[in-house]
Amino acid sequence: MDMKANPSQPWIYSAKVDLSFVILPAFLVMALIVFLQEYVARFESMPAWLWLALIVGVDVTHVYSTLFRTYLDKEELQQRQAMYLLTPLLAWVAGCLLYSLDSMIFWRALAYLAVFHFVRQQYGFMMLYGRKDAAQFKSIDKLAIYSSTLYPLIYWHCHERNFDWFIAGDFFKLDSPVIGNFAGAAYVAVLAIYVIKELLVWRQSRHINWPRNLILLGTALSWYVGIILFNNDLAFSAINVVSHGIPYLALIWIYGRNQGELQGPETTYRFPWVAKAFRRGWVMFYLGILFLWAYFEENLWDGLIWREHGAILFFADALPAIQSEQTLIWLVPLLSMPQVTHYVLDAFIWRMKPGNTPWNKILFLHAR
C-alpha cells in the first residue's frame, strides 16, 4: 500500500511535510548517532558548536514557538485570558517556593515536569494521527505510546546512566534491575498486543494508518536508543532534542500557515510581522526570530548562573555570576518561567476537545 498516495491517511498537513518534519527527525537523528557511534563515544560533554545548534537552536527555540500559538494571538489570548496571565505568574511563585526549600527539589520538580511534557507530546501526535480510527482500539494505542516512553524512563531509574535530564541527581534512583526487567517484559507484551491489533484491523479493512504507526515506531526506537542502548550524554541529548523539538516547531508553523490562509489580511496576531513568519518563503525568518529569543535567554542563564559557554554567547561574560542564595531563590525560577509556562500551556492548547478555541479546524485545514 502506498502510504503517500492513499487519500485516507490522516496527515496533519500533507504526507511530504509530515514525513519530513514530524516523523522523520527521530529516525534521522537516531540513524546518525548509530552511524557515528564511535565518534560520539569520544565526547564526555557536548561540543560548544553542537550545544548552540541543539540546545539553543532546537530545544529552547521550540519553547518560544508556543508564543505564536498563544500570547501573540489576540483572539486566543482573549478567550483564555485567565490561563495565559496566571500560568507564568504561578509558575514563578511555585518555583520560588520549591527553590527556597532546596535547589534540588526545584530541579527535580522541573525535570519531572519536562518528562511529563515530552511523554505527552508523543501521546499527542499519536492521537492526532489516530483521530479517524475506530474508538474501540484507542486504549491499545494509548497504552503502546505511553509504554514506549515510560519503559526507557523506568530503565533509567533502575540503572546507572552517564547523563541527566537537567543537572546531576535530578532523577530519583531506584537501583532495582528487577523492576526494570519486569517493566521490559510488560513493554514487550504491550507491543505484541498492538501488533496483533494492527493485524486484525488490516485484515478487516485492508488499511494501515501509516503516520500513527510511524510515530509509534519512531518513538519506541528513539527513546530506546537514546536512553537504553547508548549510555552517552551526547547521544541522549541529540536524539531527545531533535525528535521532540523539530516536530513541535513544524506543528506551530503548520498551524500558523493555516491560520494565515483562513484569516487573510485580517490577522488576529498582535503584530503584522507575525503573520509573515508563516509564509512559505519566510521559514528562516520564523526560525530566526525564535533563535534570537532563545539565544538571549541562554546568555542570561550562562552569564548569571552556569558560566559554561561564554565563548559562543554575545554578552554572557559581561554579566555578574550570581552567588547569593537569596537572589537565586527568585532568579532561577524567573529564568525558567518561559520553559515551565510552555510545559503547562502545551497540556491545554492541543486538547482534542478544544471548547471555545477550535484549533483543530485550523490545524487540519489541509488534512483529508
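These entries record what I looked up in a predicted model.

I note that residues are numbered from 1 along each chain as its sequence is written. In this predicted model, local features need pLDDT of at least 70 and side-chain atom pairs count only at pLDDT 80 or more, whereas totals for chains, interfaces and linings use all residues, and side-chain values use heavy atoms, with hydrogens and water left out.

Entry on salt bridges. I took a salt bridge as a side-chain nitrogen of Lys or Arg within 4 Å of a carboxyl oxygen of Asp or Glu, and by this rule I found seven salt bridges. I looked up Glu76, which pairs with Arg69 with the closest N and O atoms 3.5 Å apart, and which also meets Arg80 in a salt bridge at 3.3 Å, N to O. Glu76 and Arg69 are buried (under 20% relative accessible area, with a 1.4 Å probe and protein chains only; exposed is over 50%, partly exposed in between), and Arg80 is buried too.

I then turned to Arg212, which forms a salt bridge with Asp141, the closest N and O atoms lying 3.8 Å apart. This pair links distant parts of the chain, 71 residues apart, with Arg212 in helix H9 (residues 210–229) and Asp141 in helix H7 (residues 138–158); helices are DSSP runs (H or I, at least four residues), numbered from the N terminus.

Entry on exposed residues. I found Trp49 in helix H3 (residues 48–69), exposed with a relative accessible area of 57%. Glu38, in helix H2 (residues 37–40), is exposed at 65%.

Conventions
Helices (H or I, at least four residues) and strands (E, at least two) are DSSP runs, numbered from the N terminus.
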